[in-house]
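The sequence and structure follow.

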Amino acid sequence: MLMRTSYPSASILVQYALPHRLLSRIVYWATRWTWRPWKNFLIRRVVKSYSVDMTQAAQPDAFAYPSFNAFFTRALREGARVPPADALAIACPADGRISQLGTIASDGRIFQAKGQHFSVAELLADNTEAARYANGQFITVYLSPRDYHRVHAPLTGTLRETLHIPGRLFSVAPKPVAQVPNLFARNERLVCHFDGTHGPFAVILVGAMLVSGVETVWSGVEIPPYVSAIQRKDWRGKNVRLERFTELGRFNMGSTVIVLLPASVAVLDVQLKPEDFVQMGQKIGQFLA
């Protein structure tokens with residue numbers, strides 16, 4: 001019996017040929033243009049197309065923001081999200097939809113989509129760091145244009161190191177995730193390594209098509225510039241400590257955040273499954289002790 005081969009769709013094949021970084025640079029400037037008719041046009045399109053709930057924003061008037069990017073990275077109003085009551089709970093780092101979650105395979109591979117996997121070593125660009133997460137837990141959260149675009153600490157931890165890893169900027173929407181091999185380990189990304197009470201954990205902010213920037217609370221703008229080689233920053237001894245639920249960084253436009261946890265320290269909520277909508281601060285797991 002012959003097996004049917006699955007080929008990428010035409011729209012995905014086009015993405016391979018597109019000048020990802022050039023397009024993202026154009027978007028960078030377009031989303032920061034403060035000319036009122038332009039920025040209001042973009043804001044109006046997104047609010048209408050994605051049914052953005054502005055009642056949860058600190059500034060509920062969408063057109064009061066000085067640029068589209070300011071609107072896109074808007075803060076939430078006080079009390080719109082709350083941390084888990086349980087001190088041993090793991091908090092969701094962002095608003096969005098679960099792409100995948102579960103246990104990292106014994107060979108260090110993470111499930112991306114049906115027929116698609118990528119390795120922790122590829123994602124982190126570091127075999128030694130990858131070994132820390134053998135048989136551990138992961139959760140991948142996709143942020144769409146309608147979502148709150150700030151990323152928060154899922155756990156309390158001290159920043160040890162960051163890596164800005166060069167790559168492409170494929171879209172991270174569900175269709176490309178299902179068809180582009182190793183997508184999250186191919187895209188430009190910022191890997192943040194933390195040390196917490198229960199061991200190390202990693203938060204990875206993955207860039208995407210037309211995503212023109214990643215910022216952190218400790219260093220400001222991290223991406224762009226885009227890089228051609230891995231850029232490491234050692235944060236040990238600099239006392240960058242984040243409490244669970246506090247802001248960690250933000251995406252300028254939508255993207256994906258991945259959290260990695262070591263083995264035998266925590267379990268993810270068994271009721272969560274791919275495609276579920278989640279909110280920042282929502283309990284997504286629990287430490288074992």
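On a 1 Å grid over the protein atoms alone, a pocket is an open set of points with protein on both sides within 12 Å along at least five of seven lines, whereas a cavity is a set of points where a 1.4 Å probe fits but cannot get out; lining residues have an atom within 4 Å of a point. Grid points are joined across faces, edges and corners, and a volume is the space filled by probe spheres set on the points.

The model is predicted: local features need pLDDT of at least 70 and side-chain atom pairs count only at pLDDT 80 or more, while totals for chains, interfaces and linings use all residues. Residues are numbered from 1 along each chain as its sequence is written, and side-chain values use heavy atoms, with hydrogens and water left out.

**Confidence**

The pLDDT (the predictor's confidence in each residue, from 0 to 100) averages 92 over the chain, and 97% of the residues score at least 70.

**Pockets and cavity**

The largest pocket has a volume of about 560 Å³. It is lined by 25 residues, of which Tyr50, Pro145, Met209, Leu210 and Met253 are the closest to its centre. Helices (H or I, at least four residues) and strands (E, at least two) are DSSP runs, numbered from the N terminus. The helices α2 (20-30), α3 and α4 each supply at least two residues of the lining of the largest pocket; α3 gives the most, with 6 residues.

The second largest pocket has a volume of about 260 Å³. Its lining has 15 residues, and Gln56, Arg81, Asp95, Arg146 and Asp147 lie nearest its centre.

A search of the whole structure for cavities of 30 Å³ or more finds 1. About 30 Å³ of space lies in the largest cavity, which is lined by Leu169, Glu188, Gly207, Val211, Val214, Ile223 and Tyr226.

The table gives the linings by class. Ala, Val, Leu, Ile, Met, Phe, Trp, Tyr, Cys and Pro count as nonpolar, Asp, Glu, Lys and Arg as charged, and the others, Gly among them, as polar.

| Space | Volume | Lining by class |
|---|---|---|
| Largest pocket | about 560 Å³ | 18 nonpolar, 6 polar and 1 charged residues |
| Second largest pocket | about 260 Å³ | 6 nonpolar, 3 polar and 6 charged residues |
| Largest cavity | about 30 Å³ | 5 nonpolar, 1 polar and 1 charged residues |

**Sheets**

Two strands pair if DSSP finds at least two bridges between them.

β6 is joined by 3 bridges to strand β14 (residues 247-252), and the two run antiparallel. The bridge partner of Val151 in β14 is Gly249.

**Backbone features**

Most residues other than glycine have a negative phi, and most peptide bonds are trans. Ser51 is not a glycine, yet has a positive phi of about 50°; Ser51 is found in the loop between α3 (36-50) and α4 (68-72).

Ile223 and Pro224 are joined by a cis bond with omega of about -5°, and Pro224 is placed in the loop between β11 (220-223) and β12 (231-234). Another cis peptide bond joins Pro224 and Pro225, with omega of about 15°, and Pro225 lies in the loop between β11 and β12. Ile223 is also one of the residues that line the largest cavity.
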